[in-house]
Structure formats: structure tokens, C-alpha cells
Amino acid sequence: VRSILNGVFDLLKKDPSKRFNWAEISFFDMWWREKSEETRTEFKELVKSGRFEFIGGGIVQNDEAVNSIDAVINQVTDGHEYIAKHFKTRPRIAWQIDPFGHSTLTPFLFSEMGYEAMVINRINHRLKGDYKENRNMEFVWNPSPSLGQKHEMFTHILYDHYSAPKGFDWESWEYTEEINSDNVKDRSEALAQVFKERVKSYRTNTLLVVWGDDFKFQDANTQFSNMDQLIKYINENPKLGVKIKYSTLSSWYDELKNETTASKVVFPTRTDEDFFPYADNP
């Protein structure tokens, strides 16, 4: 974690176009305690300017199957108080991408906590396949008919786990070809095709594609330098039909809302249903 945050911090300071999202506070605090006041001041400016964003923001990312209401409330409260104390802000988007299944208690509690939306991931693989086919990967989750709209939560399901698209993770144990002038055209076209395929499972063109995974970006320079080349080529070639940029989760959500309003997009509603039992890909 130390090498991740050190590398990302250095790159974000140098390049205003870059963005990074961070979820849990437990390990972040260990890094923060090591930093000088000068470094802390610089880092606070990254948060204030919206280039580094806390998402979820609990001490951990809580399980949703075998926990207690008190445990969820306490760990999120502790995390949010920490963020408010040090950075004078609070997370807007909940980030529950690794619990094994999701409970209706979650949208209820998170709406009470002031989150505007939520991103999840681990639902039954057959259900995820059905959701993709019917463009239901974003929906409004109503935890109970008795609660009304007050506790509804806009929910996004990640398309394919929480890792970078296959073949585009330059810290993978599998060989991944680095981007250069000889292959940037072919690799950019391949990535654009990935986006075009994924967007078919959602109801807007504002597509969220995550880049990361467990303990990734320890070599932040390699990850960003390869992504930089892909972003530049794709954006300079409009015939690919894709525009791409680094984004925080809040910026993505704001653009999604704008498109939803402008295009009058209607999302399905899931009422009084959880995502248990969980089953991963066979």
C-alpha cells in the first residue's frame, strides 16, 4: 500500500489530468501517519481539487451476509469521521465491489448515510449474465416497498470483476504487451472494441471501466504511462467511436446523471430483493 500511494501521489502532482479513487481507510491511515506536514498539505490539495477521491470510505469494505447493523454503521462512521477530520469532505458514492453477495440492508443504510449511489460487483453469475443481456446492469434498488423512494439507491454493477480489461493490466502475472508506437493503433482499437461491447449491457453511453485489482498500481508509473498512450490515440481518432478519460467516481456519476436527464433514460427498479446466495463463475 505504501508503494501504491507514494507512486500515485507523485504522478497526480505532476499531471492534472490524472485521477485516482481510494476506498478503505484502514491501510490509508498507516500511510498517512508516516507523512510530513508538507506532504499532507500537498495531498489535501489533490483531494480538494477532485483528483484523488475517497469512495465508500469506511474503515473496511464490510461484508453484507453475516454482520450486524451496529458493525456496519460503526465502521462507516469511523471512516467518514476520519475523512471529514483530515480532508473536510465526505464520500458521495458507496463502493461495495468485493462482499460475496449483497443485502437489502445495504441500500437502506447507505441512503441513510447520505450516499448518492452505489457500485457493487459480486452477484450470482447467471443473474449477471441475464442483467447484461437485458441492459439491467444499472438499476434503482428499493430495499422495501414500505420504505418508499426515500431509501432508493441508484446501483451500478461492474461488468467484469474489478480488474482492468483483460490484456490491459501491466502488472499482471500474465504477459501484457506494453504500449509503444508500433502497437498503439492495434491495442487502442482492441480496447475501443471492449468498450463498445460492454456498453451494450447498460442504458447510457457513460461507461464506467475500472482499472486496478488487489494491490495493483504498485508500479503506478507503468500503469499510467501505458494508459496515457491509449487515451491519447483513442481521443485523437474519433472514427473509433469512443472518448476516454481518467475519472473519479463522482465525476462519472455526474456525467451519467446529465446523460440520463438529457436522454430521458429510465432505469429498472429492483424491489425487496437481495443478491443471495452468491455464486461465482463456474
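Select histidine 161. Histidine 161 sits in the loop between strand E6 (153-157) and helix H7 (184-198). Helices (H or I, at least four residues) and strands (E, at least two) are DSSP runs, numbered from the N terminus. Phi of histidine 161 is near 60°, a positive value in a residue other than glycine.

The model is predicted: local features need pLDDT of at least 70, side-chain atom pairs count only at pLDDT 80 or more, and totals for chains, interfaces and linings use all residues. Residues are numbered from 1 along each chain as its sequence is written, and side-chain values use heavy atoms, with hydrogens and water left out.

Next, phenylalanine 215. Look in the loop between H7 and H8. Phenylalanine 215 is exposed, with a relative accessible area of 52%. Most residues other than glycine have a negative phi, and most peptide bonds are trans.

Now go to proline 277, in the segment after E7. A cis peptide bond joins phenylalanine 276 to proline 277, with omega about -5°.

Step back to the sheet. This open sheet has five strands in the order E3-E4-E6-E5-E7, with mixed pairing. Strands pair if DSSP finds at least two bridges between them. At the edges are E3 (93-96) and E7 (269-271), each pairing on one side only. Color E5 (residues 138-142) and E7: they pair in the parallel sense over three bridges. Tryptophan 141 stands opposite arginine 270 in E7.

Finish with H1 (residues 2-14). Which residues of H1 are buried? Ile4, Leu5, Val8, Phe9, Leu11 and Leu12 are. Their cover includes E1 (20-22), H2 (25-33), H3, E2 (52-54) and H8 (220-236).

H1 and H3 pack at an angle of about 65°, with axes 11 Å apart. Axes are lines fitted to C-alpha atoms, for helices over the stretch in contact; angles run from 0 to 180 degrees between N-to-C directions. Show Phe9, Leu12 and Lys13 of H1 with Thr39, Glu42, Phe43 and Leu46 of H3: these residues make the contact, meaning heavy atoms within 4.5 Å.

Definitions and conventions
Buried < 20%, exposed > 50% of the residue type's maximum accessible area, 1.4 Å probe, protein only.
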